[in-house]
Amino acid sequence: MAALATAEACDTNTALLGSGDLRVLPPIFQIYGQCRAFSGPIVTLKVFEDNILVRQLLETRGEGRVLVIDGGGSMRCALVGGNLGQLAQNMGWAGIVVNGCIRDVDEINGCDIGVRALASHPVKSSKKGIGEKHIPINIAGTLIREGEWLYADSDGILISTSELSL
């Protein structure tokens, strides 16, 4: 599948940018994983320093979707590591975007998925199972809803209310 270039998408969809139907996440994310460009329908998750629900969602069939995790921007532990990166690849997820940290960077960089995160951190998260799935989340001032579309490449990350055409 051909990747949609985010810069071109912004250039050709100025009306959508103006209306808010196409939004750009701030350039705060680092690029990880084998897939530098990825896209798909969004699945949302809100957690804080706890990755039990991350695993639960990644254990379901990804079907080309993108898991967007609002981890509250925590820089105190990782929400995704190498095992979850491999699980996401095996279950058919297109990518993972983490408003927080990941770990096992070399393992994640070997996975055939796209991953974006604020940074890496060697400490694992807690395991309490606290959080909310499939709810609207807010990352760096950008509202993101379940079922919207995410497009990521080396230039940035876009959120669209609907699928964009190439």
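Author: Contact here means heavy atoms within 4.5 Å.

Reader: What kind of model is this?

Author: This is a predicted model, in which local features need pLDDT of at least 70, side-chain atom pairs count only at pLDDT 80 or more, and totals for chains, interfaces and linings use all residues. Residues are numbered from 1 along each chain as its sequence is written, and side-chain values use heavy atoms, leaving out hydrogens and water.

Reader: Which residues does the "binding site" annotation cover?

Author: In the unreviewed UniProt entry, that annotation covers Gly-81, Gly-82, Asn-83, Leu-84 and Arg-103; such annotations may be inferred rather than shown by experiment.

Reader: Why do they gather at one spot?

Author: Although they span 23 residues in sequence, no two of their C-alpha atoms are more than 10.2 Å apart, so they gather at one spot.

Reader: And Gly-82, is it buried or exposed?

Author: Gly-82 is buried at 4% relative accessibility (buried is under 20%, exposed over 50%, partly exposed in between, with a 1.4 Å probe and protein chains only). Beyond its neighbours within four places in sequence, Gly-82 is in contact with Arg-103, Asp-104, Glu-107 and Ile-108.

Reader: Changing topic, what does Thr-6 touch?

Author: Apart from neighbours within four places in sequence, Thr-6 is in contact with Tyr-151, Ala-152, Asp-153, Asp-155, Gly-156 and Leu-158. Thr-6 is buried, with a relative accessible area of 4%.
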